[in-house]
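Here is a friendly walk through one model, taken a piece at a time. Have the structure open and follow along.

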Amino acid sequence: MNGRNALIILLACLPFIGAAQATAADLFIFFPKDTQKEAVQNGISRACPQVRITVFERASNFWRTLKTATPDAVLTTGLAFQHLKNYTANHEGILKKPTKHSHHLVSFTQMPPAQQSLNAKRIGVINELGRKSGKQYYKKHLASDIKLKQVSKPRDLIPLLTFNTVDFLMVDDRTRLYLELTSKQKLKTRHIDLNIPLGIAGVHKTASTDIQRALSGCLETLNAHSYNRTYFSLDTWQRL
Amino acid sequence: MAKAIAAKHMDDTISSQTYSLVTGLTLVRKLLSALYLTLNVTLQRFSHFCHALLTITFLIGALTTLPTKKVFAQDLVLTLRPDSAQFHQVSQGIEESLAGDIEMVDMVVGPGKDNRLIFDWITLNRPNAIILMDNYGVNTYLAYQRQHPARRYPPSIIVSTLAADRMIPLLANSSAILYEVPAVTSLVGLRKMMVNRPIQKVGTIYRSDFKQTFLTQRKFASLEQIEFLGIEVPNDASSRALKKALKALKKSETDAIWIMNDPALLTKSLITRAWIPQLKKHKQPVVVGIKTLINSQLALGDYATYPDHYELGIQVGDKLFDLQDNRWQLENNAPLQPISISKEVNIWRLNRKGIRFQQSLLNEFERIITE
């Protein structure tokens with residue numbers, strides 16, 4: 001092959017190289033689960049080769065990275081998504097049999113009181129917003145003088161109750177189901193009026209239609225192959 | 001005449017020169033005088049300014065030496081730890097948790113380290129709390145307390161140390177987060193993983209000194225409807241005594257065996273002479289608290305759980321904020337259980353024992369041994 005032919009081939013390929021780069025989307029995933037980060041990253045990357053996946057295990061790493069990085073899309077819990085700026089929700093992660101209320105106060109030993117009577121109680125939650133932001137949020141929405149204990153994984157919630165580190169846990173529907181399936185201790189539950197989706201996937205407000213298409217394609221693949229149960233304890237992602 | 005004129009000229013010249021000199025000197029004198037006056041006034045005013053500044057500084061200094069000094073200064077904690085990756089992870093977790101709201105100083109202790117420098121630092125800086133990791137951290141601070149017996153001590157938290165609860169009475173004003181994962185936490189995880197193998201009755205062996213530990217484990221296990229059966233051996237248990245206990249355990253037909261993190265029961269001699277030969281006859285899963293004990297070459301444990309070191313640091317950070325809220329007073333020194341764990345499994349050995357497990361849950365493990 002001579003130089004002239006090589007140049008012709010290179011010029012002919014250029015439009016396609018540009019096209020491939022245009023559809024590759026950066027997707028940040030932060031969805032606290034017992035699953036190891038590497039397993040989630042590898043699994044979803046295989047399912048969605050058109051998307052560059054970065055998975056975060058801890059809220060602190062997720063929020064710290066977002067201070068300097070701007071991914072094209074984010075898939076996270078409903079509560080975390082509410083605190084993102086400049087992202088538009090496209091899909092909601094749901095359970096096929098949704099309950100009326102998305103969030104609950106639970107305990108193994110005592111019936112949780114009404115939301116207005118949580119003063120000075122010790123509440124355990126999964127860390128979704130980071131230490132400071134989480135504290136601000138729950139003190140605003142539950143009671144101003146609660147003591148908050150935040151854990152990284154759902155499996156760490158049961159010891160919080162078993163060893164009396166907290167009085168109650170505040171959990172969403174999927175985590176409540178997890179607790180009921182994992183522990184033989186009987187769960188006492190009271191719903192909380194926090195109408196927050198279980199999971200949200202959304203794109204940056206400047207994202208192109210190609211990026212949106214790439215994200216939608218990825219979520220459809222996850223729906224089709226039942227990855228949602230494995231990676232998010234959800235049943236499906238539905239378009240908003 | 002000419003001489004007179006020349007002399008007069010000379011005189012005139014001399015007079016003129018003298019006059020110029022005198023005038024010049026006078027001018028210089030006047031300039032210097034003016035400069036002196038100016039400087040004098042400036043210095044006086046500067047002096048007044050300095051006096052005022054010194055007075056203000058003195059007042060501020062006086063205020064800051066009152067008992068409420070720490071209102072103006074950031075709270076400070078010290079960690080004393082050996083130099084290794086796992087302790088560094090704990091420190092990282094603490095630092096992340098504190099997020100600059102409480103200042104943290106991290107010092108390495110151990111063989112070859114000069115404790116005098118650490119002791120001087122503690123005396124000079126008076127940290128609000130001290131975190132002690134491993135026996136080196138505990139012994140270093142114990143030596144400090146012995147050398148300064150009359151002083152009040154800040155609260156200390158013992159972490160990442162085996163038998164931390166037994167060290168609390170050795171130190172004044174101390175507490176601990178235990179390093180041993182409670183049996184119930186490990187067994188709930190094991191139970192979740194098993195297929196058609198309920199974990200309802202679990203056996204363990206303990207030395208007489210650890211009877212209270214066994215009873216505590218039994219109490220927590222019962223909450224999860226797990227019957228916890230223990231066989232006591234003497235404190236100086238021989239391999240013969242341990243073999244006898246393991247044979248008794250086999251007769252009890254338990255669903256799993258939980259091995260306590262007691263170094264005296266896990267000596268090389270006891271492992272090779274008692275544990276390994278006897279456990280070969282057991283078909284139940286064996287749960288341990290040290291990850292090397294599930295290595296295939298050892299043929300001892302199948303499922304290991306241990307504290308997540310980084311999250312342990314986060315838990316220490318939470319405890320420090322609780323102390324800060326309580327004005328650095330330790331309300332009670334009951335040891336805390338570790339909350340977050342890491343887990344590993346040897347599926348090669350589970351398969352050899354014919355133990356079926358949920359494959360889908362393998363992605364929750366930090367390490368999976370397959371051969």
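## Around Y138(A)

In this predicted model, Y138(A) touches L79(A), V125(A), I126(A), A143(A), I146(A), L148(A) and M170(A), leaving aside residues up to four places away in sequence. Y138(A) and I123(A) touch the most other members of the largest nonpolar core, which has 30 residues. Two or more residues of this core come from each of β1 (25-30), α3 (59-66), α4 (78-82), β6 (122-126), α5 (131-141) and β8 (168-172) of chain A. The largest share, four residues, is given by α3(A).

Apart from this core lies another, of 28 residues, including V203(A), I211(A), Y231(A) and L234(A). As a general point, nonpolar side chains tend to be buried together in soluble globular proteins.

## The five-stranded sheet of chain A

Now for the sheet. Five strands of chain A form an open sheet in the order β7-β6-β8-β5-β9, with mixed pairing. At the edges stand β7 (147-151) and β9, each with a single partner strand, so one side of each has no neighbour in the sheet. From one strand to the next, the twist averages 30 degrees.

Helix α7 (residues 173-182) of chain A lies across β5, β6, β8 and β9 of that chain, and runs at about 120 degrees to β8(A).

## Strand β5(A), covered on both faces

How many residues of strand β5 (residues 103-107) of chain A are buried? Five of its five are. One side holds H103(A), L105(A) and S107(A), the other H104(A) and V106(A), and both faces are covered. In a regular strand, side chains alternate between the two faces of the sheet.

β5(A) also has two partner strands to look at. It runs antiparallel to β8(A), with four bridges between them, and H104(A) has V171(A) as its bridge partner there. With β9 (residues 188-192) of chain A, β5(A) has five bridges, again antiparallel; L105(A) is partnered by R190(A) in β9(A).

## Helix α4 of chain B

Over in chain B, helix α4 (residues 134-147) has 14 residues, which should span 20 Å at 1.5 Å a residue; the end C-alpha atoms are 20 Å apart, so the two agree.

Its buried residues are D134(B), G137(B), V138(B), T140(B), Y141(B), L142(B), Y144(B) and Q145(B). Among the elements covering these buried residues of α4(B) are β1 (76-81), α2 (85-98), α3 (115-125), β3 (129-133) and β4 (156-159) of chain B.

Terms used:
Residues are numbered from 1 along each chain as its sequence is written. Chains are lettered from A and ligands numbered from 1 in the order in which they are written. This is a predicted model: local features need pLDDT of at least 70, side-chain atom pairs count only at pLDDT 80 or more; totals for chains, interfaces and linings use all residues. Side-chain values use heavy atoms; hydrogens and water are left out. A nonpolar core is a set of buried Ala, Val, Leu, Ile, Met, Phe, Trp, Tyr and Cys residues joined through side-chain atoms within 4.5 Å. Buried means under 20% relative accessible area, exposed over 50%, partly exposed in between (1.4 Å probe, protein chains only). Contact means heavy atoms within 4.5 Å. The expected span of a helix is 1.5 Å times one less than its number of residues. Two strands pair if DSSP finds at least two bridges between them. Axes are lines fitted to C-alpha atoms, for helices over the stretch in contact, and angles run from 0 to 180 degrees between N-to-C directions.
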